[in-house]
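Hi,

Here is the structure I promised to pass on.

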Amino acid sequence: MAEMGSKGVTAGKIASNVQKKLTRAQEKVLQKLGKADETKDEQFEQCVQNFNKQLTEGTRLQKDLRTYLASVKAMHEASKKLNECLQEVYEPDWPGRDQANKIAENNDLLWMDYHQKLVDQALLTMDTYLGQFPDIKSRIAKRGRKLVDYDSARHHYESLQTAKKKDEAKIAKAEEELVKAQKVFEEMNVDLQEELPSLWNSRVGFYVNTFQSIAGLEENFHKEMSKLNQNLNDVLVSLEKQQGSSTFTVKAQPSDNTPAKGNKSPSPPPDGSPAATPEITVNHEPEPASGATPGATLPKSPSQTSLPAVVVETFSATVNGTVEGSSTAGRLDLPPGFMFKVQAQHDYTATDTDELQLKAGDVVLVIPFQNPEEQDEGWLMGVKESDWNQHKELEKCRGVFPENFTERVQ
């Protein structure tokens with residue numbers, strides 16, 4: 001019997017909730033059609049607009065902070081690999097080996113400490129700050145529903161009072177419902193009227209504290225890292241002094257598009273092709289022309305160099321290993337709006353459902369945002385080439401990713 005009673009209460013509550021939803025829906029329809037007036041509070045509406053703006057800004061700051069932390073982690077990993085390489089190439093009998101290893105150890109610890117402090121003093125504070133918004137957002141929505149209930153009760157009471165046949169019992173009950181709805185609404189309204197302006201004003205102090213923490217941590221990190229770099233430089237200077245006879249001289253490199261002086265001309269096609277030519281070498285010390293001063297050097301300009309026409313033609317047609325003028329692969333079978341390709345230089349762990357999960361080496365086909373206003377600075381929209389080739393379904397595969405984790409390849 002007790003169980004039946006419990007079920008009866010539950011069923012009654014469900015029926016009551018369904019009735020409330022129907023009444024609210026009818027009231028909203030009447031208000032939209034202009035057949036019923038709606039209680040307005042412009043000051044509260046401004047508070048709600050500020051709340052939504054504050055939530056949007058906070059959410060973006062949280063997302064960008066997570067991207068920053070991911071970048072710090074990637075830099076830590078890259079720095080660690082670089083130091084491991086130095087440890088491997090540093091010969092056991094070279095002076096300063098122990099110091100170099102200790103510096104690498106401290107470098108690793110400094111990166112870990114920096115990342116952890118950013119999490120503790122910035123990200124966790126950010127998460128706590130945003131944690132208060134869902135509850136307030138829910139209460140704003142509930143306040144809106146209670147306002148509709150209040151307007152509905154008010155209109156019902158007014159209609160009974162103006163009816164030709166007045167039913168005092170119904171009027172009394174309607175008045176009781178109106179007072180009850182008004183009380184519930186005003187209690188919620190008063191609380192939010194106090195909380196929303198206070199929350200809006202708190203953002204200034206929060207932004208100041210957050211960015212001061214980040215700036216202070218970064219400043220201290222770079223100071224400590226600078227000391228480690230100076231110590232490493234001292235170790236390497238000492239090594240250079242003791243191994244002075246084998247000092248390595250860095251030579252200037254030729255530009256990408258101009259053959260280096262004294263180097264071979266660009267590799268010709270395989271033997272048997274029309275453009276195949278023998279290897280050409282350039283004499284750095286040409287014989288002086290007759291009548292010229294002995295010892296004078298008369299280098300030729302590229303236009304004066306006597307090379308077979310076929311070599312010049314081959315060189316001008318070949319740049320960076322590709323033949324200019326040849327037909328490139330068509331851009332069929334690419335996603336709509338395809339702009340260019342990028343390749344991930346570091347792993348990126350997605351922190352939201354609309355983001356791409358990237359591994360270093362992944363190729364991404366970049367496409368435009370459907371709504372350009374949704375694009376945040378430093379973020380691109382795209383689809384991983386492997387996913388596109390497999391599924392050809394843009395809606396399921398596309399997502400956003402941080403541009404600074406990638407490098408353009410096409």
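Lysine 63 and glutamate 355 form a salt bridge through their side chains, at 4.0 Å from N to O. (A salt bridge here is a side-chain nitrogen of Lys or Arg within 4 Å of a carboxyl oxygen of Asp or Glu.) Lysine 63 belongs to helix 2 and glutamate 355 to the loop between strand 3 and strand 4, so this contact ties together parts that are 292 residues apart in sequence. Both lysine 63 and glutamate 355 are buried; that label means under 20% relative accessible area, while exposed is over 50% and partly exposed is in between, with a 1.4 Å probe and protein chains only. There is a network here too: Lys63, Asp354 and Glu355 are linked by salt bridges.

Before you go further, please keep in mind that this is a predicted model, where local features need pLDDT of at least 70, side-chain atom pairs count only at pLDDT 80 or more, and totals for chains, interfaces and linings use all residues. Numbering starts from 1 along each chain as its sequence is written, and side-chain values use heavy atoms, with hydrogens and water left out. Helices (H or I, at least four residues) and strands (E, at least two) are DSSP runs numbered from the N terminus.

Back to the charges. The search of the whole structure turned up 18 salt bridges.

Glutamate 158 is partly exposed, with a relative accessible area of 36%, whereas arginine 154 is buried at 13%.

What about charges without a partner? Glu77, Glu84, Glu88 and Asp347 form a negative surface patch. For patches, I took residues with over 30% relative accessible area and no salt bridge, joining like charges within 9 Å and nonpolar side chains (Val, Leu, Ile, Met, Phe, Trp, Tyr) within 5 Å. Glutamate 84 is in helix 2, which spans residues 42-89, and is partly exposed at 31%.

Now the strands. Which strands does strand 3 pair with? Strand 3 runs antiparallel to strand 4 (residues 363-367), with 4 bridges between them, and antiparallel to strand 7 (residues 406-408), with 3 bridges. Pairing means that DSSP finds at least two bridges between two strands. Glutamine 343 has a partner in each: valine 363 in strand 4 and glutamate 407 in strand 7. Strand 3 itself (residues 340-344) is mostly covered, with 4 of its 5 residues buried.

Strand 5 (residues 379-384) and strand 6 are also antiparallel, over 4 bridges, and glycine 382 stands opposite glycine 399 of strand 6. In a regular strand, side chains alternate between the two faces of the sheet. Strand 6 (residues 399-402) is covered on both faces: Gly399 and Phe401 are buried on one side, and Val400 and Pro402 on the other.

Cheers

Definitions and conventions: Areas by Shrake-Rupley, 256 points an atom, 1.4 Å probe, with all protein chains shown as cover. Lys, Arg positive; Asp, Glu negative; His and termini not counted. Charge placed at Lys NZ, Arg CZ, Asp CG, Glu CD.
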